[in-house]
Amino acid sequence: MHHALPPRKSSKAPPFAPRTSVLSLQRRRQLKTIGIIALAVIFVLLVLSRFFSFSVSGPIGAVIPSGTANIVLVTLFDRQVLSEQYAEWIQNNREDYAARHGYATFFANASDYLYTLDEKTPRSWLQVPAVRHAMAENPHSTYFFFLDAHAFIMNPSLALATHVLEPKLLESLMIKDHSVVPPDSVIKTFSHLTSKDVDLIITQDGEDLVPGSFIIKQGPWAKFFLDLWFDPLYRSYNFARAEKHALDHIVQWHATILAKLALIPQRVINSYSKDSPDVSADGTYHDGDFIIHLNDCNAQGRSCEEELHPYYSVWQRKISSSKSL
Ligand SMILES: *[C@@H]1O[C@H](CO)[C@@H](O)[C@H](O)[C@H]1NC(C)=O
């Protein structure tokens, strides 16, 4: 296993101290009274917390405002790194897609979350609070499709609802009993899961689970998952691939995460361009695929803008011809 936690501290308890003498009767009575009072206080607190949590979360069956999109596309922009032009291309791409299918967009800015990181921590981590933020701003939407700024929707006619989320289809896409981390991690995706169990839909490339394109369902589990992923322990651990290896790690070590995860074939939501490293066996982009992902295009010697340009042109022709129909 190549992403292990730092060794645990020994948690051995000190040996019990020998009892000195038998407690006096009076002391015992005092302890009993204190015990009863403590129990009563705990009980009252429990009742109160129940009561308040109900009133905070609003009346059951609260009305969902009309016009609420069921699906929100989330992209994080790091404007210190991306050119104005490039960011505009990506935004146009998301807006066009969302408008076609009645989805919403959420464009997060890395600068808003920078305060959560120290200087040593890679900024790629910021996609995690960005998704959390998108959920907080869209409390009535169900699905959040995070697509990083190096991925581009090439086939906008494919609606996420019918391309991935439809339960029978999702069921057929789910890769079960398969190593979570390629090529052969001991931990495998559960074979008994059905689409009803799933709150997180993700792909793997030839090396890792890929956080650059995933769908997550809003709810308490999603919040737990995102908070766990963004835990300071993982952020400061210096995983070689930052949030990517942290994800590989938590999915393998927490069955509660694996129990909600659907692994689907890479090309369904995450085809790699021919210049991308780490592609899986059938992960390379073909005409007609939903997404093209220019994985690692910000690496030295590459240019996201140059690589995207030809695809952007193809996409533009495609959408202008579909609009004139
Ligand atoms: C990010 O920045 C853009 C441009 O400055 C702005 O339009 C957008 O509302 C910002 N996003 C969020 C979530 O605040």
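An oxygen atom of the ligand is 2.4 Å from an N or O atom in the side chain of asparagine 109, a polar contact in the sense of a pair of N or O atoms within 3.5 Å. The model is predicted, so local features need pLDDT of at least 70 and side-chain atom pairs count only at pLDDT 80 or more, while totals for chains, interfaces and linings use all residues. Residues are numbered from 1 along each chain as its sequence is written, and side-chain values use heavy atoms, with hydrogens and water left out.

Around the ligand stand Phe106, Phe107, Asn109 and Asp112, each with a heavy atom within 4 Å of it. A backbone N or O atom of phenylalanine 107 lies 2.9 Å from a ligand nitrogen atom. Taken alone the ligand exposes 360 Å², of which the protein buries 43% (Shrake-Rupley method, 1.4 Å probe).

Strand β1 (residues 71-77) is largely enclosed by the rest of the structure, because seven of its seven residues are buried (under 20% relative accessible area, 1.4 Å probe, protein chains only). Ile71, Leu73, Thr75 and Phe77 point one way from β1, and Val72, Val74 and Leu76 the other way. Strand β1 pairs in the parallel sense with β2 (residues 104-109) over six bridges, and with β3 (residues 143-147) over four; pairing requires at least two DSSP bridges. Valine 72 stands opposite phenylalanine 144 in β3.

Aspartate 96, in helix α2 (residues 84-101), is buried, with a relative accessible area of 10%.

Technical notes: Helices (H or I, at least four residues) and strands (E, at least two) are DSSP runs, numbered from the N terminus. Buried means under 20% relative accessible area, exposed over 50%, partly exposed in between (1.4 Å probe, protein chains only). A polar contact is a pair of N or O atoms within 3.5 Å; within protein, one must be able to donate a hydrogen and the other to accept it, and residues adjacent in sequence count only if both atoms are side-chain atoms.
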